[in-house]
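I opened this entry to look up how charged side chains pair up here. My notes follow in the order I took them.

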Amino acid sequence: MSLNLNCNKGFSVIEILIAIFIIVVALGSILNVAVLSLRSSFDARTTLEAQSYAQEALEAVRNFRDGVVWNADDPANEYDGLGVVAKGVAYRISKSSDNPPRWKLLQGQEILGKFARGIVFEQGLRDSQNNLVASAGTSDPDTVKVTATVSWNEQGIAKQLQLLMYLTNWQP
């Protein structure tokens, strides 16, 4: 009978080791899920910030369009109308020192912390039914495609977010 008790004690040590192993594996899995959740939350926050920068750029361009004549050709190229801005070139928005300040367009990207933001204008295209199309259409001089691009690096990986809108010459 005493031999039988010694076997039970040995078996209890094995059970304890197995239980500890299971607990360690479970805690490791929970820790991995927590780290993944935090990383996803950080990625979502960064993407939301980039989206806010892109949306701000589009809103500023819309406001800019409303404050200048569509085909205005400013000698300093700060207040060129959207009908004459260079197509396919990156621009940035800036506030003037006027009172009240106005939006102006300057060539080149801008750096906002870890983000780079640029606005590119392209000629609007329309199909035979006068609908906007992305390609293979007829050029519409009163429509401009505006693309706001925000790019950044995250853990050595280049990321980019683009928002686009079409603006038309609504002024008579």
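I kept in mind that the model is predicted.

How many salt bridges does this rule give? I noted a count of seven salt bridges.

I looked up glutamate 78 and found a salt bridge with lysine 104, the closest N and O atoms being 3.8 Å apart. Glutamate 78 sits in the loop between H1 and S1, while lysine 104 belongs to strand S2 (residues 103–107), so this pair ties together parts that are 26 residues apart in sequence. I then checked accessibility. Glutamate 78 counts as partly exposed because its relative accessibility is 24%. Lysine 104 has 15% relative accessibility and therefore counts as buried.

Next I went to aspartate 140. Its salt bridge is with arginine 126, and the closest N and O atoms are 2.6 Å apart. Aspartate 140 is in strand S6 (residues 138–154) and arginine 126 is in strand S4 (residues 115–126), so the pair ties together parts that are 14 residues apart in sequence. Are the two residues buried or exposed? I noted both aspartate 140 and arginine 126 as buried.

I also looked up glutamate 154, which forms a salt bridge with lysine 159; here the closest N and O atoms are 3.5 Å apart. Glutamate 154 has a relative accessible area of 6%, so I put it down as buried. Lysine 159, with a relative accessible area of 29%, is partly exposed. Salt bridges with shared partners also join Glu56, Glu110 and Arg117 into one network.

Last, I turned to aspartate 80. I placed it in the loop between helix H1 (2–67) and strand S1 (90–95). Aspartate 80 is buried yet has no salt bridge.

What does the side chain of aspartate 80 reach? I found that it reaches the backbone nitrogen of aspartate 74 at 2.6 Å. I then listed what aspartate 80 touches, leaving out residues up to four places away in sequence: Phe64, Val68, Ala72, Asp73, Asp74 and Val85.

How values were computed. Residues numbered from 1 in each chain as written. Predicted model: local features only at pLDDT ≥ 70, side-chain atom pairs only at ≥ 80, totals over all residues. Heavy atoms only, no water. Helix = DSSP H or I, 4+ residues; strand = E, 2+ residues; numbered from the N terminus. Buried < 20%, exposed > 50% of the residue type's maximum accessible area, 1.4 Å probe, protein only. Lys, Arg positive; Asp, Glu negative; His and termini not counted. Salt bridge = Lys/Arg side-chain N within 4 Å of Asp/Glu carboxyl O. Polar contact = N/O pair within 3.5 Å; in protein donor to acceptor, adjacent residues only side chain to side chain. Contact = heavy atoms within 4.5 Å.
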